[in-house]
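Dear colleague,

I am handing over the structure we spoke about, and I would be grateful if you could look through it alongside the notes below.

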Amino acid sequence: MSTPNTANRALSGADKAKKTRLIDALELDTRLLGMIGAFILVAVVFNVLTDGRFLTPRNVFNLTIQTASVAIMATGMVFVIVTRHIDLSVGALLATCSAVMAMMQTAWLPQFLGLPLGHPLIPWLAIGAGILTGGLIGAFQGYLAGYLLIPAFIVTLGGLLVWRNVAWYLTNGQTIGPLDQTFQMFGGINGTMGEFWSWVVGIVATLAALAALWSKRRDKLRHDFPVKPLWAEMALGAIIAGAILGLITVLNSYQVPAARLQREFAARGETMPDGFTAAYGLPISVLLLIVVAIVMTVVARRTALGRYIFATGGNPQAAELSGINTRLLTVKVFAIMGALCAISAVVASARLTNHSNDIGTLDELRVIAAAVIGGTALAGGIGTIYGAILGALIMQSLQSGMAMVGVDAPLQNIVVGSVLVLAVLIDIIYRRRTGKG
Amino acid sequence: MTRTPLVEMRNISIAFGGVQAVDDVSIDLYPGEVVGLLGHNGAGKSTLIKILSGAYKADSGEIWIDGVQATINSPRDARDYNIETIHQTLALADNLSAPANLFLGRELRTMFGFLDDSRMEAETTKIMARLNPNFKKIAEPVSALSGGQRQSVAIARAVYFNARILIMDEPTAALGVHETKMVADLIMELKAQGLGIFLISHDTREMMELCDRVSVMKNGQLIGTERVEDVTEDDILSMIIMGKKAEQAA
């Protein structure tokens, strides 16, 4: 009885070992694989349920621009949560930044600086003011939490009420718009790179990713550290290149409607040649998200600031005893969060083409959920930027997938809420099993 | 002794909310010497030592290093005086690797100001080969390490940055027999190199073996400092328990 049983177990053990070795060889993060798997599952299921409408270029395009705003903030929320804090004010802060930028464009700059509407400096001055506002408010909240030791939960819960209504006063409760034409280009559909530049970005990104892989390998060899087999390195490179170029291909096959092209030609006083077509390509908002993601990943992994953020999250006492100024670090983390809220405000208000009072409402929950689904541990010390972005993408896919299938809005929220709790449960079980974290 | 002490802590006092944790305590430490601090839990040993390492600031008293009065307001100040501390709670960030912990707060940078992780890894490998040849898990978070391995990361930090004054707060509390031996050997090696070491432990026998002098504390006060060759383990124990000097206790 017991002999075949043991043999069986040994066999499955060997199988398991083989599988582990493959993943080890590729040095892939199993958690990342899990999230990508979950995302693919969601996408495929909805694609079946919607008879193939979910994975059309048009919907993929929409998904990316809907995700951008929350995903940009989620990268900052990773730092906040990793340092054992929380920021409940991001949606409200987004509204304040959006209000400042909208008022700059439509009222303050034209009135006080005498810049005429449509002046080329207007969008940039407005964005600068917005980022400054977000950064300063964030730093102030960080000061309250870091130096005055008010729990960040309370500081930002207060901030949630304060900044949403500061935004109201800034605009007298009015919807402000239409926003500057150049500014609107950060919103998505009104600002895309077209086929040629999308390919340029895609190819540059692919080459940069491959160069990074290669230089990491060379660096390891230089210090006599073990490297993965060359085939694994090449396979990984191929997967990354495939993913980037695949996304560009999809976005480049979303055609601009003929009527819209005709309007654009007419606006320039030209007539559209027969058979002329153009694709949207990569939205500028998504390019912005990619830039933010790269910068935040570099900060997290390659700078002392990032190292201190993770060290403080892992053991605040140890960080302090190592001479790290953890109070100032808190200010910096919240300032980064605030500046990212402002960048998200650019994307969100540009997408709507105006500033409205309810902009960013409930974004704090989406942002926190994205970070947490993306593997950021509320206990601190653990989290990745790419995880948070994937988390945001998974949440947005669920939401818009359900909307396409025709699920009622209340049920959508019930599902998203349940998925959040389930994701954290799976994460806890995963960590317990692997002993990581 | 006519030499200048490496460290003199003079008349140190500190209170926490009405509790006099350290009460007018003076101790000193010479180069190449190990001074043990003994006493019950709450006797004030760790608090005293945290004042030297910059974690607490004394209410009154002076610290002199190499015969010059020193101002230590933060762990960073202490580091500037080449004081390294191995804390009881092992001040390691569990989620980070050994190199990240070893260089925490003093990272090696590339010429562009980014972290030079591969150089830090290489340096860690080098120093670990010396301190603990069994140490292999360089890239893994230190939470995956055994107590002894974690301890060697903490010690490596002190050794790498050329500490002159080393504070070890119960360095062997969480270790097995073999690992305890390893730490003891290391203490003797560092002592031979001329470091001054403050050692805190509850193990009186271990202290008698490792230390040149022992200072006994009780209820925040210094009971006395004795050369280990002048006293027996029982004398020390009675000082700890009775709070009196050996000759008085007899």
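Predicted model: local features only at pLDDT ≥ 70, side-chain atom pairs only at ≥ 80, totals over all residues.

Residues are numbered from 1 along each chain as its sequence is written, while chains are lettered from A and ligands numbered from 1 in the order in which they are written.

Between the chains, 23 residues of chain A are in contact with 22 residues of chain B, contact being taken as C-beta atoms, placed from the backbone, that lie within 7 Å. On the chain A side, the elements that give two or more residues are α8 (194–222), α12 (304–314) and α13 (316–321); helices here are DSSP runs of H or I with at least four residues, numbered from the N terminus.

The loop between α6 (152–171) and α7 (181–184) of chain A holds A:P178, and the peptide bond that joins A:G177 to A:P178 is cis, with omega near -5°. A:N172 is found in the loop between α6 and α7 too, and its phi is near 55°, a positive value in a residue other than glycine. A:N172 counts as exposed because it has 8 C-beta neighbours inside 10 Å (20 or more other C-beta atoms within 10 Å make a residue buried, 12 or fewer exposed, and numbers in between partly exposed, with C-beta atoms placed from the backbone).

A positive phi, near 65°, is also found at A:T353, in the loop between α14 (326–352) and α15 (363–373) of chain A; A:T353 is partly exposed, with 16 other C-beta atoms within 10 Å.

Notes
Contact = placed C-beta atoms within 7 Å.
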